[in-house]
Amino acid sequence: MAEYDTYILTEFSELKEDEEILGVLRDLAPGTRKYRSTYARFKVSKDAAKYPDRLWVRLGRGQLVPTPCSISVIEFVNVIPKGL
Amino acid sequence: MAYKYYKDNRAYIEALLKTGDAIVVNDEVDWDLEMGAIVRRVCEKKSPSPYFKKIKDYPGFEGFGAPIASYRKLAVSLGLDPETPIPAIAKEYLSRTAADKGQKPKILNAKDAPCKEVVWTGDEADLFRLPAPMVHEGDGGRYIGTWHFVVAKDLDTPAINWGMYRQMVFDEKTMVGPVLPFSDMGKMFYNKYAPNNIPMPFATVIGPDPLSAIASCAPAAIPEDEFTSLLMGEPVEVVKCETCDLYVPAHAEIIIEGVIVPNVMIEEAPFGEYTGYRTSPREKRTVYRVTAITMRKNPILPISNMGIPTDEGQLLRSFSLGLEMERMLRDQGIPITGVYMLPESTHHLVVVGVKPAYANIATQIGQLVFGSKLGPWFHLVVVVDDKTDIYSKDELIHNLSTRCHPKNGIIITEQGVGTPLNPYAWPEERKYSRAGKVIFDCLFPPEWPTSMVPIKVSFDNVYPKEIKEKVLSKWNQYGFKD
Ligand SMILES: Cc1cc2nc3c(=O)[nH]c(=O)nc-3n(C[C@H](O)[C@H](O)[C@H](O)COP(=O)(O)O)c2cc1C
């Protein structure tokens with residue numbers, strides 16, 4: 001099971017569940033690449049068992065929501081123009 | 001003639017070890033929060049700088065925390081005795097930097113430049129091969145650039161800029177950070193490169209010598225490489241980058257080269273900031289793409305940990321902002337006695353001493369400093385008379401509480417330029433860098449007749465000279481131990 005976190009700028013209650021979201025995920029796998037960020041399309045659920053991977057949510061100033069969500073990553077997305 | 005100074009970060013660390021302002025940490029420390037926590041505590045307790053010899057996961061790298069987070073270290077960086085009092089450090093800085101022109105840098109060949117001992121290009125130039133620390137729990141990422149500066153060149157003029165703008169690692173080839181529109185690099189990038197969709201070459205200099213670092217975060221009126229030469233008393237030594245035409249200090253620990261991407265922003269922050277809070281939220285900010293990394297063998301990665309006082313952001317920015325203000329006010333012929341910006345105010349509050357020569361001189365001072373290029377970074381100006389010790393917090397509180405008229409003495413300008421980092425500001429104010437500005441006029445109005453002016457009741461002020469001398473000479477004889 002992969003483990004990510006993401007930042008949302010709204011309150012946790014406003015997190016959109018089961019809808020496709022484009023956002024930044026940080027990979028929490030230990031090692032030198034921990035906290036690597038990537039844009040991705042994904043769906044989340046507050047039910048920690050619904051989707052295959054684990055997602056921790058943080059609010060805009062870094063506050064950690066103490067209960068984990070689950071996430072299904074649809075695809076990773078590159079937002080930087082090619083060649084740069 | 002060159003002043004006494006340290007050509008690189010290493011010689012500076014050695015000097016701090018000798019004066020007791022640094023210690024060696026031989027235990028392995030974790031880049032993931034542990035180093036950050038140590039450096040934070042060092043800032044809060046004003047402890048010596050930790051020189052980390054072993055970093056988890058990153059053999060061959062060392063670290064160095066809180067490089068100039070105290071006036072003692074600032075004095076050492078200028079080649080002065082660590083005990084040098086603040087006014088004397090200020091005097092030295094002002095006299096070294098009085099000239100309006102410095103010397104052009106001296107260009108070294110790559111073979112003579114320590115920062116070229118290791119060169120990584122292509123896939124090798126991978127940011128995760130550097131021990132970027134997770135500085136505070138909850139930060140938006142690992143920050144590789146906390147004690148560093150970004151070198152850039154203007155698009156259509158020869159102007160060079162060195163500016164300390166924080167940088168977060170996003171992925172192996174991407175960094176991101178805030179480049180404020182009123183900063184020198186912000187003006188170059190947003191006004192010239194970005195509208196023409198031209199990527200802007202940059203070079204991040206990590207672990208520079210202390211004087212280049214001081215220059216890069218000072219509001220210098222001349223290019224920072226020349227400003228550095230004024231602090232050193234001789235040209236700074238530079239070397240050409242591998243993948244662009246920029247020049248970087250040859251003795252720095254690590255150089256990251258690349259381009260700033262026009263018209264694409266990605267998410268950065270939150271991050272512990274110089275105000276002592278994590279204020280500016282996660283937001284889309286300026287993108288840096290990496291083309292090469294060069295470094296010294298066994299590089300020492302420095303960490304500045306911003307938070308509650310005192311960190312480098314507060315100490316150095318207060319120091320140089322205050323002194324640049326002093327220079328400007330003297331140039332304008334205002335009869336000031338001095339300017340002191342308190343690091344504890346996170347460079348938001350400045351005290352100006354002045355001879356109260358005419359009515360509303362405090363307003364004039366406030367308007368001049370708020371209206372200058374320095375203005376966005378602070379919002380509180382306290383003007384005190386020429387008898388007040390501008391460095392004394394006790395005298396500041398006493399002045400504010402007794403001399404500042406609660407109505408006439410507080411002059412508020414509602415629409416000034418601020419920064420997105422002000423913790424008290426509403427989101428709209430942050431978004432557009434708007435801020436109110438306040439002048440506290442602690443001068444008794446000069447139009448008051450002498451008979452009406454309150455007399456300050458202090459040992460210095462209300463006793464005849466011969467009584468004071470007698471009391472001072474017999475002080476210990478009376479039985480006092482101090
Ligand atoms: C440790 C540290 C970090 C800083 N980070 C930033 C930053 O991320 N963005 C910014 O605009 N200024 C930042 N500053 C302030 C700039 O370094 C400062 O305004 C400097 O004068 C910029 O140069 P400029 O006047 O050439 O723009 C930082 C200063 C310090 C000491």
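Which polar side-chain atom lies 3.1 Å from an oxygen atom of the ligand?

Tutor: The model is predicted, so local features need pLDDT of at least 70 and side-chain atom pairs count only at pLDDT 80 or more, whereas totals for chains, interfaces and linings use all residues. Residues are numbered from 1 along each chain as its sequence is written, chains are lettered from A and ligands numbered from 1 in the order in which they are written, and side-chain values use heavy atoms, with hydrogens and water left out.

The atom in question belongs to B:Arg317, whose side chain places a polar atom 3.1 Å from a ligand oxygen. The backbone contributes as well: a polar backbone atom of B:Pro178 is 3.1 Å from a nitrogen atom of the ligand, and a backbone N or O atom of B:Ala218 lies 3.5 Å from a ligand oxygen. A polar contact here is a pair of N or O atoms within 3.5 Å. On its own the ligand has 630 Å² of accessible area, of which the protein covers 93% (Shrake-Rupley method, 1.4 Å probe).

Around the ligand there are 18 residues, and B:Asn161, B:Met164, B:Tyr165, B:Arg166 and B:Asp184 come nearest; a residue is near if one of its heavy atoms lies within 4 Å. By class, this shell holds eight nonpolar, five polar and five charged residues, where Asp, Glu, Lys and Arg count as charged, Ala, Val, Leu, Ile, Met, Phe, Trp, Tyr, Cys and Pro as nonpolar, and the others, Gly among them, as polar.

Note on methods. Polar contact = N/O pair within 3.5 Å; in protein donor to acceptor, adjacent residues only side chain to side chain.
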